[in-house]
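Try each task yourself before reading its solution.

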Amino acid sequence: MLLVASSGAYVVQDAFSEPEKQREVKEMSDTFMPKIQELAKSARMLSLVGASIRLRSDASVMSAIREQIELGARMALGDGLDEANEEEASVALTMVEMALSEAGELFRNPDRGSNWEITDAAAMQAMGRSSKSAFIRMKSIAEMYPAMRETFSGTFLDVGTGVAGIALEAARSCPEIKVEGIDIWEPALELARKNIAESGYSDRVSARNLDVCALDEQDRYSLVWLPTMFLKRPIVEAAFDRIVRASVHNAYLVAGIYTQPADPFLALMANLRTLRSGGEITDPLEIKTMMEARGYVEVELSVTPIATFVFGRLP
Ligand SMILES: C[S@@+](CC[C@H](N)C(=O)[O-])C[C@H]1O[C@@H](n2cnc3c(N)ncnc32)[C@H](O)[C@@H]1O
């Protein structure tokens, strides 16, 4: 059997197939291949837009190549890119980068399980660098919540500390905070210890091998970060119980979950991201309910396109 292009459409040539069957396959191909071509074109257009933004700050590229990239980006976006200011261009670049890297990774490894069981040091360090934005966001939320700001002078528990990206950002931006990171993935913890030793914050930051379900402290933490997108439901339930016992009065818990966009396709992608991260819960209201059932008050949601933070105070 042979698939050949014939005047733009794809048909199946088979010496033994009946004309009826050939027609059926042709009709199916009439929509299938053009759709694939359209999607493949969109992927290339997105990469051209990203390339064009990146070239704004790179004078070294060959002028003929720059011309084609800029022409292509304009074909994709019209004049939109010329009109975008520096800030809009930088947000657009982050969006392009995330879409292309998620798409490329999914295509190359559709069969992989949880993404934190990686041993590649560069990939773990990259995850650490990108996750430090979680603490930057906690600080900006705290600007509106004086009781949350108070927690920055206590002890912060960073669950799933990985290579200590969030932990070190906390130490860097809050001079009084002490940080305890816990994790069960020894390859990441080894890097965390190295990063902490090289950071100059080793007097205030530590990282140890501990499953959050085995957390045994009492009345210790003023602030806890729990990334639920990496944990199965029973682990999240057990973690909440342990965290409540380990927290002081007026402690805050911030639980991260991937945002569920209204668009059905993007919602599917968010669910897939959760599953491939080792998580299970996709509804932030389920997290809110779990927290309220354990005595958290003033539980609220902070939503951005990628991650939602559910946070509350334990009186
Ligand atoms: C994506 S990583 C977090 C990255 C981290 N913020 C950093 O700076 O590298 C999620 C982490 O959660 C950890 N983890 C998963 N299950 C856990 C559990 N039950 N207790 C503690 N840590 C857990 C994983 O080992 C992984 O390192």
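**Exercise 1: two helices**

Work out how helix 5 and helix 9 pack.

Step 1. Helix 5 (residues 121–131) packs against helix 9 (residues 186–199) at an angle of about 65°, and their axes are 10 Å apart. Helices here are DSSP runs (H or I, at least four residues), numbered from the N terminus; axes are lines fitted to C-alpha atoms over the stretch in contact, with angles from 0 to 180 degrees between N-to-C directions. This is a predicted model, where local features need pLDDT of at least 70, side-chain atom pairs count only at pLDDT 80 or more, and totals for chains, interfaces and linings use all residues. Residues are numbered from 1 along each chain as its sequence is written, and side-chain values use heavy atoms, leaving out hydrogens and water.

Step 2. On the helix 5 side, look for Ala121, Met124 and Gln125; they meet Pro187, Ala188, Leu191 and Asn195 of helix 9 (contact means heavy atoms within 4.5 Å).

Step 3. Sort the residues of this contact: five are nonpolar, two polar and none charged.

**Exercise 2: the ligand**

Find which residues come nearest to the ligand and which polar atoms face it.

Step 1. The ligand has 20 residues around it, and Met127, Ser131, Val163, Gly165 and Asp183 come nearest (a heavy atom within 4 Å counts as near).

Step 2. Helix 5 gives the largest share of this shell, three residues.

Step 3. Now the polar contacts (N or O pairs within 3.5 Å). Ligand oxygen atoms lie 2.9 Å from a polar backbone atom of Val163 and 2.8 Å from a backbone N or O atom of Gly165.

Note on methods. Ala, Val, Leu, Ile, Met, Phe, Trp, Tyr, Cys and Pro count as nonpolar, Asp, Glu, Lys and Arg as charged, and the others, Gly among them, as polar. A polar contact is a pair of N or O atoms within 3.5 Å; within protein, one must be able to donate a hydrogen and the other to accept it, and residues adjacent in sequence count only if both atoms are side-chain atoms.
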